[in-house]
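Look at the sequence and the model together, and keep both in view while reading. The paragraphs below go from rings to helices and then to loop residues.

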Amino acid sequence: MSIELPEAKILAEQMNRELRGKCISTYFLRDYERLQRIGFMNRDIKSFDQLVNRKVESVISRGNAIRVKLGGRLNLVLSPEYGGEVFYHPHESTPTDRFHLKIDFSDKSALTVRLTSMGGIHVFRDDELINSYILKRDFNPEILSPIDETFTFNKFSKLLQDNSRVLKSVLVGKDAVLVGLSNSAFQDIIYRARLHPKRKASELNPNEQRALFNAIKLVLLERIRLNGKDQFSDLYQKQGRYIPAMGPNMRKQNCPVCRTPIEELSLGGGKVFVCPKCQA
């Protein structure tokens, strides 16, 4: 299950509540060699030694990334954006053996982190954060976060008007105008906005721009309110309750609005599910 903006926010708020003030006593790594080779963990595994005896100061998120700020100007950066599990294990509970990183705290509680697809588990000093692609992308104040107060229709409309790319590349990927949206949220959003994924952003009329803006706000805020997507498990292993209106769950189904068979398209390196009538 991908961890997009809503799920990252949920996890960060739960982690901040549970972990702030706790001191790390030790850590364990499992099955991490492949992750190292492809850049999903620090090349120097001894970087994780810096975690020991550090106290958690705060946990924040932006976009798909979670930043655990520790004492001594150290950071644990988690970005399980294409699939991951982050679980908290209270005092005297037995953590799962399915993890890539396990952190034990001095009060006998623990945190486990596991990547199930592409993502990242990294330790950075404050002066090293500039080298983190995830931090540069998701914590860049010049790129709008769609759940911040600074995300206004006027600003969003201007970004669309100035962009001649198709909607998917405008909203998803390293050159996106917003942070935190991946393919999953994108499909849900454009279906609710009644827009085809191959439409060019600059060609949208004001009503279509407004529909897209409203759909972004609706999908993200509902996912936060309902504790994430239905395939997501939060810090306490509680399942989310949000069911997307469009996505892989609609494969070989009919559109719930017009009953037209859903089509599957290849776009931007992934699959996109579309109603050919509602999103014409």
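Predicted model: local features only at pLDDT ≥ 70, side-chain atom pairs only at ≥ 80, totals over all residues.

How many aromatic pairs does the count come to? By the rule used here, the count comes to five aromatic pairs. Under that rule, rings of Phe, Tyr and Trp (its six-membered ring) pair if their centres lie within 6.5 Å; planes under 30 degrees apart count as stacked, over 60 as edge-to-face and the rest as tilted. Residues are numbered from 1 along each chain as its sequence is written, and side-chain values use heavy atoms, with hydrogens and water left out.

F151 is buried, with a relative accessible area of 3%, and F156 is buried too, at 0%. Here buried means under 20% relative accessible area, exposed over 50%, and partly exposed in between (1.4 Å probe, protein chains only). F151 and F156 belong to one aromatic cluster with F153 and F213.

Next come the helices. Helices (H or I, at least four residues) and strands (E, at least two) are DSSP runs, numbered from the N terminus. Helix α1 (residues 5–19) packs against helix α7 (residues 206–225) at an angle of about 35 degrees, with the axes 8 Å apart. Axes are lines fitted to C-alpha atoms, for helices over the stretch in contact, and angles run from 0 to 180 degrees between N-to-C directions. P6, E7, K9 and I10 of α1 meet L220, R223 and I224 of α7, where contact means heavy atoms within 4.5 Å.

Q36 is found in helix α2 (residues 33–37). The residue Q36 is buried, with a relative accessible area of 14%. Leaving aside residues up to four places away in sequence, Q36 touches M41, N42, R43, D44 and I45.

K252 lies in the loop between α7 and β9 (263–267), and R259 is found in the loop between α7 and β9. K252 has a positive phi of about 60 degrees although it is not a glycine, and K252 counts as exposed at 78% relative accessibility. R259, not a glycine either, has a positive phi of about 70 degrees.
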